[in-house]
Amino acid sequence: MDLDGFDPQRIPRHVACVMDGNGRWATQRGLARTEGHRAGEEALFDAAQGALELGLEWFTVYAFSTENWRRPAEEVRFLLDVIADRLLTRRRDELHALGVRIRFIGRRDWRVPRWVGRRMDEAAALTAGNTAMTLTVAFNYGGRTEIVDAVRSIVESGIPASKIDERTIARHLYDPSIPDPDLVIRTSGELRISNFLIWELAYSELVFSDVLWPDFRREHLFEAVREFQARDRRFGAATRREGIPG
Ligand code: IPE
Ligand code: IPE
Ligand code: MG
């Protein structure tokens, strides 16, 4: 791979992606929207390989939001099939062979079919010991729901209000071991966050790409990382900083 032009000292630790544009990609080709989801799975695998080549420690993808249940039942069903059948069964073994640890964030509620939950648990268990990179799949994930769930668990744990600070909240998110994303990429030209990691991305660099997700390849990831490296992160200070102070 051509890693020319990268500053090896400033490779982001954590990149998160809003994989958007599958439906439009398919519609442009006169295909059913579901074909876009099928093609999007290929894009995800290529991007994950690129993330490994870059040496990212954490790569997070938004696969299904708490709002995506509003879509027609057949589309929801197909999306669950793509995620649980293709990604978490076939790709799972390829990702495992590459040393990728697969994890999930999101709410496991009654809407998540039991068989999907089982595939998620199996993929996580199989890959739990891998150390090359962590691929976190945000599934039935909503940033506001995550904060609601964190507040519930803080209240349940009986922590007094005066002892609650930002670290308390961060420790009660779905996976407290994941560092905040350094870079968030959204494809398909939409300029919004759509309820993705809203607590975690407070100081993330945002890159918006016009590429529709099924056309996304590792080169697009590299391009976004180059753009990230040209940014001046200050975290509220007057000059460049490596992280939030304190
Ligand atoms: C992203 O593509 C996949 C999911 C949101 C699950 P979309 O299905 O949102 O595609 P567009 O935005 O309608 O083109
Ligand atoms: C965000 O995309 C969710 C995922 C990529 C899983 P959407 O397509 O659902 O977002 P909106 O509706 O355009 O904001
Ligand atoms: Mg969309």
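The model is a prediction in which local features need pLDDT of at least 70 and side-chain atom pairs count only at pLDDT 80 or more, whereas totals for chains, interfaces and linings use all residues. Residues are numbered from 1 along each chain as its sequence is written, chains are lettered from A and ligands numbered from 1 in the order in which they are written, and side-chain values use heavy atoms, with hydrogens and water left out.

An N or O atom in the side chain of aspartate 20 sits 2.8 Å from an oxygen atom of ligand 1. Glycine 23 contributes a polar backbone atom 2.8 Å from a ligand 1 oxygen, and the side chain of arginine 33 places an N or O atom 3.0 Å from an oxygen of ligand 1.

Turning to ligand 2, the residues around it are Val18, Met19, Asp20, Tyr62, Ala63, Phe64, Asn68, Arg71, Arg186, Arg192 and Ser194. A side-chain N or O atom of aspartate 20 is 3.2 Å from an oxygen atom of ligand 2. Arginine 192 has a polar side-chain atom 2.8 Å from a ligand 2 oxygen, and for serine 194 the corresponding distance is 2.6 Å.

Helix packing comes next, with helices taken as DSSP runs (H or I, at least four residues) numbered from the N terminus. Axes are lines fitted to C-alpha atoms over the stretch in contact, and angles run from 0 to 180 degrees between N-to-C directions. Helix H2 (residues 33-54) and helix H3 (residues 73-97) have axes that come within 10 Å and cross at roughly 25°. H2 and H3 are therefore roughly parallel to each other, as angles under 35 degrees count as roughly parallel, over 145 as roughly antiparallel, 65 to 115 as roughly perpendicular and the rest as oblique. Their crossing is right-handed, meaning that the near helix is turned clockwise from the far one by less than a right angle. Residues of H2 in contact with H3 (heavy atoms within 4.5 Å) include Arg33 and His37, and Leu79 is among those on the H3 side.

H3 also packs against helix H4 (residues 114-127), at an angle of about 20° and with the axes 10 Å apart. H3 and H4 are therefore roughly parallel to each other, and their crossing is left-handed. Among the contacting residues are Leu80, Ala84 and Leu88 of H3, together with Trp115, Val116 and Leu126 of H4.

For H2 and helix H7 (residues 218-229), the packing angle is about 45° and the axes are 8 Å apart. That makes H2 oblique to H7, and the crossing of the pair is right-handed. Leu54 is one of the H2 residues in this contact, and H7 supplies Arg218, Leu221, Phe222 and Val225.

Lastly, isoleucine 169 lies in helix H6 (residues 166-171). Not counting residues up to four places away in sequence, isoleucine 169 touches Ala150, Ile154, Ile164 and Trp199.

Terms used
Helices (H or I, at least four residues) and strands (E, at least two) are DSSP runs, numbered from the N terminus. A residue is near a molecule or strand if one of its heavy atoms lies within 4 Å of it. A polar contact is a pair of N or O atoms within 3.5 Å; within protein, one must be able to donate a hydrogen and the other to accept it, and residues adjacent in sequence count only if both atoms are side-chain atoms.
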